[in-house]
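Okay, thanks for coming, everyone. I'd like to walk you through one model today, so let me put it up on the screen.

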Amino acid sequence: MATLVELLSHKRDGHAHGEGDIRRLISGFGAGELADYQMSAWLMAAYLRGLDERETLELTDAMLESGVVLELDDVPGTKVDKHSTGGVGDKVSIALAPLVASCGVPVPMVSGRGLGHTGGTLDKLEAIPGFRVDLSIDDYRRIVREVGTCMIGQTKEIAPADKRIYALRDVTATVESIPLITASILSKKLAEGIDALVLDVKVGRGAFMKDLDRARALAKSLVAVAARGGKGVSALLTDMDHPLGLTIGNALETAEALAILHGRGPADLVECTLALAAEMLVLGKVAPDVAAARVLAEKKIASGEAAETARRMIAAQHGDPRVVDDPSRLPRAPVVRPLVAARSGYVVDLDPLALGLAGVELGAGRTRAEQKVDPRVGLVLAATVGTRVSAGDTLVEVHAASDAQVDAIAPRVLAAFTLDDQSRARGPLVLETIRA
Ligand code: URA
């Protein structure tokens, strides 16, 4: 049998690993037989030489098996989750999980926090007074069984090998590898005890994947590896060349997401939520196709059952369920100031990265993992791509902790808007669908 160091040279020289080799590398890393610098060397070899589908699945399984798999066998039904690769204004999960659960598909969801210019579901949920994401595994299981959905944070026990490997990738220029990203995402998601997964792969300036070809390659890799691992799976490629919806910031985004459950909300956000819900309902086997699934989801919104599921989930997680109907119960910023258009015209472009970074600067996000977020602050867009404005009309409201904060970011927020005399339509939200 090859030694662990010989396995590094196999990948360095461009060979595919044999069955079990990657498992040995990951378990050797966990057991301290492979040092950080040796794992880093392997990561660079894998980055440069690639991993095929079988190797990527073995890496996924090995990282998954480095921790616990949350076992949900006592929850009846096909359990389905959604994972988004992250973007600006992406608050979809907060509406999607209760919506899909209200249609009879259990949604166990382990979510993340915001880092960099993209927000995280946990930070948004924690804007709800009292809401707790640090539940025990027993409570998580009970709430999924009783309510249909529960949204918690990643525990130390979930895929610990990924956590250590990601930290090495972050400082060795090996993050942007499609097989390594695939294994990293899937090892964490498959640890939730799900039967199927819908992926929202964001594409554009506000996303991790800036261009369609790379995003498509990632989506195909995620779908192929999850399917090979025996899971139901599909992926939507969705536009992140503009922010999603009209709000950026935790309490503001939570309010916007909850409004969807009352049948309100900006068209792009509603479309993203319903398109993902439809995929989940088909994989969850409660609808024969996406058209029927959308009708079912719309019915549950109209009947109030989706909003009721959200109230029950929030109450079960120690939060104030009255926020579902009364968003004024969410924390509010002490300063709210409009920024206005200097000229008349159509908004033809909105830079999501600039707006996401402005949100971080206000305190809605973090630049280091240990930072705390301010749930109150953020941006509310009064105009989006396609809106016609006159000089002096409000483009965006800044919700801030102080006037000084608004003064500091106002020029950059305004610079994120491009106005022109000619209107330009925004392209479709869902760019492609990739199924197994
Ligand atoms: N998100 C992850 O969880 N892992 C990656 O490697 C990249 C994005």
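Before anything else, the domain bounds I'll be using come from an automatic or database domain assignment. And keep in mind that what you're looking at is a predicted model.

So, the layout. The chain splits into three pieces: domain 1 runs over 4–50, domain 2 over 80–327, and domain 3 over 332–420. Let's take the pair at the start of the chain.

How much area do domain 1 and domain 2 bury between them? About 1,000 Å², and 76% of that is on carbon and sulfur atoms. On the domain 1 side, three names to remember are Phe29, Leu43 and Tyr47. Together they supply 55% of the area that domain 1 buries against domain 2, more than any other three residues.

Okay, over to the ligand. Which residues are around it? You've got Tyr166, Arg169, Ile181, Ser184, Ile185, Lys188 and Phe208. Sorted by class, that shell comes out as four nonpolar residues, one polar and two charged.

Now the polar side chains. Arg169 has a polar side-chain atom 2.8 Å from an oxygen atom of the ligand. Lys188 also goes to a ligand oxygen, with a side-chain N or O atom at 2.5 Å.

As for where the shell comes from, two elements give two or more residues each: α8, at 160–171, and α9, at 178–190. The top contributor is α9, with four residues.

Methods:
Residues numbered from 1 in each chain as written. Predicted model: local features only at pLDDT ≥ 70, side-chain atom pairs only at ≥ 80, totals over all residues. Heavy atoms only, no water. Near = heavy atom within 4 Å. Polar contact = N/O pair within 3.5 Å; in protein donor to acceptor, adjacent residues only side chain to side chain. Nonpolar A, V, L, I, M, F, W, Y, C, P; charged D, E, K, R; others polar. Buried area = accessible area lost by both parts, 1.4 Å probe.
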